[in-house]
Amino acid sequence: MSDRSDSPDTPASGASGASETGSRETDDPGKADRFTPAERVEAVPPSGIRAFFEVAESREDVISLGVGEPDFTAPWAARSAAIESLERGRTSYTANRGMPALRRAIARHVERYDLAYDPQEEILVTTGASEAVDLAFRALVDPGDVVALPTPTYVSYRPGVTFAGGDPLPVPTHHEDDWSLTPDALAAAGADEADVLVLCYPNNPTGATMTGEELAAVAEFCLEHDLLVVSDEIYAALTYEGEHTSIATLPGMRERTVVVNGFSKAYAMTGLRLGYALAPPTASAAMTKVHQYGMLSAPTTAQHAAIRALEDCDDDVVEMRREYDRRRRYLTARLRELGVAVAEPGGAFYAFPRVADVAPDGDDEAFATELLETTGVAAVPGSAFGDGGAGHLRLSYATGMDDLKEAMARLETFLADR
Amino acid sequence: MDDETRALLDVLVADARESTADIARQTGLSADEVDARLDELEAAGVLRGYTAVVDWDSTDADRVAAVVEVNVELDRETDYEDIARRIAESPTVDSLRLVSGDYDFALDVSADTMQAVSRFVADEVAPLPAVTKTVTHYVMETYKERGVVFDERDDDDRLSVTP
């Protein structure tokens, strides 16, 4: 518990609701409590999309392009395996690292990305890929360690680094470079002094992918400056152009990389909360230690579903990817016809168009709010994903084609009326 | 078949009313290329028609559908093609397939009344010399038609905005 009076730099009041003195006295004694959040928790601002989300929830006619999860249902074979596991009473804990059968299935599965990991010592099944990322930070980041975060990127990395006691270092990437990460960008941001680099490709929110050559340049930077890498590859199966490349396959990188993946995106299993981490034995053991004290083991029912997903659901993934690809092409083509610049997303299910040119003062939050209030189209302001995202919107095409067309028609009217 | 043509057909199967412009956006082809390929596919007999999927139960129209199994016995003068050509002539027949298993032809038929379906089977199919047996199954409820699920529930319970 921190002593707020000794922490002048800690943000006061604001979103947390704490008063400037740190006390919790209110007019309503029933609502008073004596808790003061820990400093590292207090230091993290609330999610940038929270207020926006509340507006979206208050309307009934919303077409949401703000959803970061598949609009498909998990394949029936996977659901069936989950049901069967319950019918057979498989409701106890599993091994901390996850069911051996699942780890073996994961080892076979990742061979398609030229990744080879030992199910006994190098694979850890987690409660969603989010837990795997969090474990990597908590197990590998010491207080004061600098963690480089290319931005824009998924909103949870920065708080996760802070919660682990690390210092986040934003590394801006740019629309003009198709959001790819370059050694120059890393150097310019001071990442040569960092301890860890977090990658997310295909990327949420930009949809950017990295080619083998682009990753090789980043890998060289990491080797030269001795950076560890946490590579979140949760969207690997949703790669449209070329093949997904994992940085862990590049020379010298396997021994310094934690690869994170999971079942939420490719298999539309978001609610089953299942992910995994691939890492060399030392890192994997450290992450497993944190996991076993915090989570014990990932959900058993979901693990049964995951085994079946890996064994029998490749065709479902191909079908979903084909549908996303169709929507992706439609969305980006339509945006460009409306005069809105957008880098072609090579993966995931997001487009990240630049609205700065058509937004008042280039303010993406104001633009998104006005778009929502005027047309009922919800899109996430790009600045929610870090400074690099300012002036952009994240549009998810994990929504049906009819809604996508209607949303674009409304956007067209909205832009024409401005 | 190249990827673009396959994508074009996928788009049309999902929604035959897609505009040329929207097909172009989804396939990466230009609008002119889409038109040209559609012409080619129609001329080659790949694209045989563009029809609607109708949930007749949601209308007040009288509509009776049935699945008819037909067994036939071939002779030197008559083959499956001959029989199929004869049965397919009737506008009552929506689809006609030669299938493996306990019977030879599977027909999807529809008409305004049950009597009309019965008359079709009794007057146009059963009397054919090659036909040895028919079994008519009237459709009591349609749950899915040509890939479209007839289900009112389309709730999206995902959060409207997520990180």
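Mentor: Start with a loop. A:P205 sits in the loop between β5 and α8 of chain A. Keep in mind that this is a predicted model.

Trainee: What is the peptide bond from A:N204 to A:P205, cis or trans?

Mentor: First the general idea. Most peptide bonds are trans. Now the case here. The bond from A:N204 to A:P205 is cis, with omega near 20°. Look also at the bond from A:Y201 to A:P202. That one is cis, with omega near -10°. A:P202 lies in the loop between β5 (196-200) and α8 (212-225) of chain A.

Trainee: And phi? Is the phi of A:A268 positive or negative?

Mentor: Most residues other than glycine have a negative phi. A:A268 is not a glycine, and its phi is positive, near 50°. Find A:A268 in the loop between β7 and β8 of chain A.

Trainee: How do I read a sheet?

Mentor: Strands of a sheet pair through backbone hydrogen bonds, either parallel or antiparallel. In chain A, 7 strands make an open sheet with mixed pairing, in the order β2-β8-β7-β6-β5-β3-β4. At its edges stand β2 (123-126) and β4 (167-172) of chain A; each has a single partner strand, so one side of each lacks a neighbour in the sheet. From one strand to the next, the twist averages 20°.

Trainee: In which sense do β7 and β8 of chain A pair?

Mentor: Antiparallel. Strand β7 (residues 257-262) and strand β8 (residues 275-278) of chain A pair over 4 bridges. In one of these pairings, A:G262 has A:G275 of β8(A) as its bridge partner.

Trainee: How many strands form the sheet in chain B?

Mentor: 4 strands, in the order β2-β3-β1-β4. This sheet of chain B is open, and its pairing is antiparallel. Its edge strands are β2 (93-98) and β4 (131-138) of chain B, each pairing on one side only. Follow β1 (residues 64-72) of chain B: it pairs with β4(B) over 7 bridges. There B:V67 stands opposite B:H137.

Trainee: Which strands does helix α4 of chain B touch?

Mentor: Helix α4 (residues 80-88) packs on the sheet and touches β1, β2 and β3 (105-111) of chain B. Its direction makes about 170° with that of β2(B). Helix α5 (residues 114-125) of chain B lies across β1, β2, β3 and β4 of chain B. Helix α5 runs at about 170° to β4(B).

Trainee: What about salt bridges?

Mentor: Side chains of opposite charge can pair when their charged atoms come close. Over all chains, the structure holds 32 salt bridges. One of them joins A:E319 and A:R322, with the closest N and O atoms 3.5 Å apart. Both residues lie in helix α11 (residues 314-337) of chain A, 3 residues apart, about one turn of the helix.

Trainee: How many salt bridges cross the interface of chain B and chain A?

Mentor: The rule finds 3. Among them, A:K405 pairs with B:D22, the closest N and O atoms being 3.4 Å apart.

Trainee: How many residues take part in the contact from each chain?

Mentor: Chain B gives 16 residues and chain A gives 30 residues. The area buried between the two chains is about 1900 Å², with 51% from carbon and sulfur atoms. B:R25, B:R158 and B:P163 supply 38% of the area that chain B buries against chain A, more than any other three residues. Polar contacts between chain B and chain A come to 13 residue pairs.

Terms used. Residues numbered from 1 in each chain as written. Chains lettered and ligands numbered in written order. Predicted model: local features only at pLDDT ≥ 70, side-chain atom pairs only at ≥ 80, totals over all residues. Heavy atoms only, no water. Contact = heavy atoms within 4.5 Å. Buried area = accessible area lost by both parts, 1.4 Å probe. Salt bridge = Lys/Arg side-chain N within 4 Å of Asp/Glu carboxyl O. Polar contact = N/O pair within 3.5 Å; in protein donor to acceptor, adjacent residues only side chain to side chain. Pairing = 2+ DSSP bridges. Helix = DSSP H or I, 4+ residues; strand = E, 2+ residues; numbered from the N terminus. Axes fitted to C-alpha atoms, helices over the stretch in contact; angles between N-to-C directions.
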